[in-house]
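Student: Please take a close look at one part of this model. Keep it in one connected account, and define your terms as you go.

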Amino acid sequence: MTTQTQFPATVDVAIIGGGIIGASTALALARAGVSTALFEKGTLACEQSSRNWGWVRTLGRDQPEVPLALRANRLWSEIQAQVDVGYRRNGLVYLQETEADAAGHETWLREARAHGVQAEMLGREAALRLLPRSERPWTGALYSAADGVAEPQIATQGVAALARQAGALIFEGCAVRGVEKTAGRVDTVITERGTLRAQAVVVAAGGWSRLFCGNLGVDFPQLKVRGSVLRTDPFDAGVALAINGKDFTCRKRADGGYTVSQFSASLAELVPDSFRLMGKFLRTWIENNALVRVRFSKRFFEELATPRRFPADRETPYERCRVLDPAPYARGVDQAWERLLHAFPVFRQARIAQSWGGYIDVTPDAMPVIAPVTQAPGLYLASGFSGHGFGIGPAVGETLAALIQGRDTPVDIRPFRLERYA
């Protein structure tokens, strides 16, 4: 763990959360000459930013996110030229087996082309040329040669290193306990190591953002979904592109292995907030019941015991739990592995090296909030990325930096307002 030796008395912007969003925002602000301090209660990327699939994609995104994804692809290339984040533009494919699959892909592509997406529909023969020998009756695919991957285990650290070089201060092992206002505006940040003044504060705290906002009286409708992933030992299956096989996913890793998962390797654990937010999330749960399994677990009692309001002058929940580190959902990753083996028998020669879990911060419409908080002037929220945040992280940081500085944002952020949940 690294820490800055000198704690600042004041900065222009304080960032809460050391994941890819917080680090990218710190980089963009520091390069614009804005004095910035980032605070992480654990270590950089210790939660979902290091536990995701590593996709850098435009394919399949909700249309408002597509401009962010396009900018992010360019920014990842620029970052990789300066520091190794494992970024490779090796292509991504969404496979299809039915006419309904193809129709869905065509509808998405028709709308996305308005944003400049260069993806294409592939017929059966063209799709099969990209894949190992398969036992599944693929009829074609949606394909983007411009999409790629980065390595979650090193990406945030690489971005943070560039931010430090540009002048940002980064504090690990330093929880932000709360903020204070003067004349109705957030201007003071209280950490476990001391207090500092800031003209703006960014909450990029992933699965912790709802708790932090709620302690300020700001209702952010966010729940946590436990995602699960596995990786193989180094193995050459003859395929480098990232693959969405409908009921499994895989992508080549920089270490020579493959990251494997599936959309339904996720658990929505029932917690007290599940009931508080049921009116906002019920429709989403019903529409996605095949993708997310709802379960009752000890997590209910853990969150029940966590206070929703607490003072900032003593130890807070952020210090009592530095890292959310859930076990993987064994059935979900086992299913993903079996489906991969069925689709591509070559993987029967590979060995599973590890599996892990992580909490994905989700919103009712599965899109993030990237916006100022009108109830608390000076506060900005960047959270609820619903499993989509890693790939667009650099573009979100660029957008937030422009927003905070009062400049025109590079993309339209109106779809990401917090007020849409009112």
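Tutor: Start with E303 and R299, which are both buried. Buried means under 20% relative accessible area, with exposed over 50% and partly exposed in between, using a 1.4 Å probe and protein chains only. The model is predicted, so local features need pLDDT of at least 70 and side-chain atom pairs count only at pLDDT 80 or more, while totals for chains, interfaces and linings use all residues. Residues are numbered from 1 along each chain as its sequence is written, and side-chain values use heavy atoms, leaving out hydrogens and water.

E303 and R299 form a salt bridge, at 3.1 Å from N to O. The term requires a side-chain nitrogen of Lys or Arg within 4 Å of a carboxyl oxygen of Asp or Glu. The two residues sit four apart in helix α9 (residues 299-304), so about one helical turn separates them. Helices here are DSSP runs of H or I with at least four residues, strands are runs of E with at least two, and both are numbered from the N terminus.

How many salt bridges does the structure hold? The count is 28. One of them pairs R251 with E151, with the closest N and O atoms 2.7 Å apart. That pair links distant parts of the chain, 100 residues apart: R251 is in strand β14 (residues 249-252), and E151 is in the loop between β7 (148-149) and α5 (152-165). R251 and E151 are buried too.

R226 and E269 make another bridge, their closest N and O atoms lying 3.0 Å apart. R226 belongs to strand β12 (residues 223-232) and E269 to strand β16 (residues 266-270), so this pair ties together parts 43 residues apart in sequence. Both residues are buried.

Now the helix packing. Helix α1 (residues 20-31) packs against helix α12 (residues 389-404) at an angle of about 40°, with the axes 7 Å apart. That makes α1 oblique to α12. Angles under 35 degrees count as roughly parallel, over 145 as roughly antiparallel, 65 to 115 as roughly perpendicular, and the rest as oblique. Axes are lines fitted to C-alpha atoms, for helices over the stretch in contact, and angles run from 0 to 180 degrees between N-to-C directions.

Contact means heavy atoms within 4.5 Å. On the α1 side, the contacting residues include I20, I21 and L29; on the α12 side, F390, V396 and L400 are among them. The contact residues divide into 10 nonpolar, five polar and one charged. Nonpolar covers Ala, Val, Leu, Ile, Met, Phe, Trp, Tyr, Cys and Pro; charged covers Asp, Glu, Lys and Arg; the others, Gly among them, are polar.
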